[in-house]
Amino acid sequence: MQHGDFTNLADNYARYRPGYSPFVLDAFLGLLRKEPSQLRGVDAGAGTGIWTRMLAQRGVNMTAVEPNEAMRIEGIRQNGAYSIAWHAGSAEDTGLPADAFDFACMASSFHWPDFDRAVAEFSRVLKTGGLFMALWNTRRYESNPLLVRIEEHLKNLVPSMKRVSSGRSEFCDTLLDRLASCGTFEDVLYVEGRHTELQTPEHYIGLWQSVNDVRVQAGEERFSDFMDYIREQTAGLQHIKAEYTTRAWIARKA
């Protein structure tokens, strides 16, 4: 498995990945100052469309762009009653028309593309004054002793672990400054919101089986050992209280 390749993870990704903070979604839509039904948005690196559907549920006219075919297929399968337009493309080359969208987003994916090329592409497809938002759903394991043990076990198994696809990554540490200084945006804002899910052990295990960067860095043998440890720790539990922090960086096109 290669970094960023979710081909064999698409099913678990679609089934088990959690949603983002509804309060952050409220804040973002408020900044756009239009009725949701009047907005056109693009979700690039949309994966299986978790964030795309949250926006579509509010009435936004959504376009999802995803380079991985397996992820797109799962996303289309999950559309339900929502008329989300799906396209093969990337953050660097969406294939979408210029000056056409009120906002563009990347949910848990902005760390994968080339930063400068992606920013240039978002500038191209956004209307003047349109918003770009990069957001991640970060696990808050510190408040749950069970999740602390699991994280500590992972660190012991893979001491060199460096999180890539996480709101705790080094990429996020400098993102506000990079967006502010790239010459494309005039206003930059950081917001975060918290929410909680009660997950069955099956759900929690499925979440870990949908990750890419941990699996790549651990290797299949150590990752298998890690999954066995999780199964042991969660056996017999009715549910697991999982807290998340949605971290979002929002920038307005100049």
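View 1. The model shown here and in the views below is predicted.

**View 2. Strand 2 beside strand 3.** Strand 2 (residues 61-65) and strand 3 run parallel and are joined by three bridges. Val65 has His87 of strand 3 as its bridge partner.

**View 3. Thr138 in strand 5.** Strand 5 spans residues 126-139 and includes Thr138. Because its relative accessible area is 6%, under the 20% limit, Thr138 counts as buried. Leaving aside residues up to four places away in sequence, Thr138 touches Gly167, Arg168, Glu243, Tyr244, Thr245 and Arg247.

**View 4. The crossing of helix 6 and helix 10.** Two packed helices are described by the angle between their axes and the distance between the axes. Here the axes of helix 6 (residues 145-157) and helix 10 (residues 213-234) come within 10 Å and cross at roughly 145°. This crossing of helix 6 and helix 10 is right-handed. Helix 6 contributes Leu146, Arg149, Ile150, His153, Leu154 and Leu157 to the contact. Among the residues they meet in helix 10 are Val214, Phe226, Tyr229 and Gln233. By class, the contact of helix 6 with helix 10 holds eight nonpolar, three polar and three charged residues.

Conventions
Residues are numbered from 1 along each chain as its sequence is written. This is a predicted model: local features need pLDDT of at least 70, side-chain atom pairs count only at pLDDT 80 or more; totals for chains, interfaces and linings use all residues. Side-chain values use heavy atoms; hydrogens and water are left out. Helices (H or I, at least four residues) and strands (E, at least two) are DSSP runs, numbered from the N terminus. Buried means under 20% relative accessible area, exposed over 50%, partly exposed in between (1.4 Å probe, protein chains only). Contact means heavy atoms within 4.5 Å. Two strands pair if DSSP finds at least two bridges between them. Axes are lines fitted to C-alpha atoms, for helices over the stretch in contact, and angles run from 0 to 180 degrees between N-to-C directions. A crossing is left-handed if the near helix is turned anticlockwise from the far one by less than a right angle, and right-handed if clockwise. Ala, Val, Leu, Ile, Met, Phe, Trp, Tyr, Cys and Pro count as nonpolar, Asp, Glu, Lys and Arg as charged, and the others, Gly among them, as polar.
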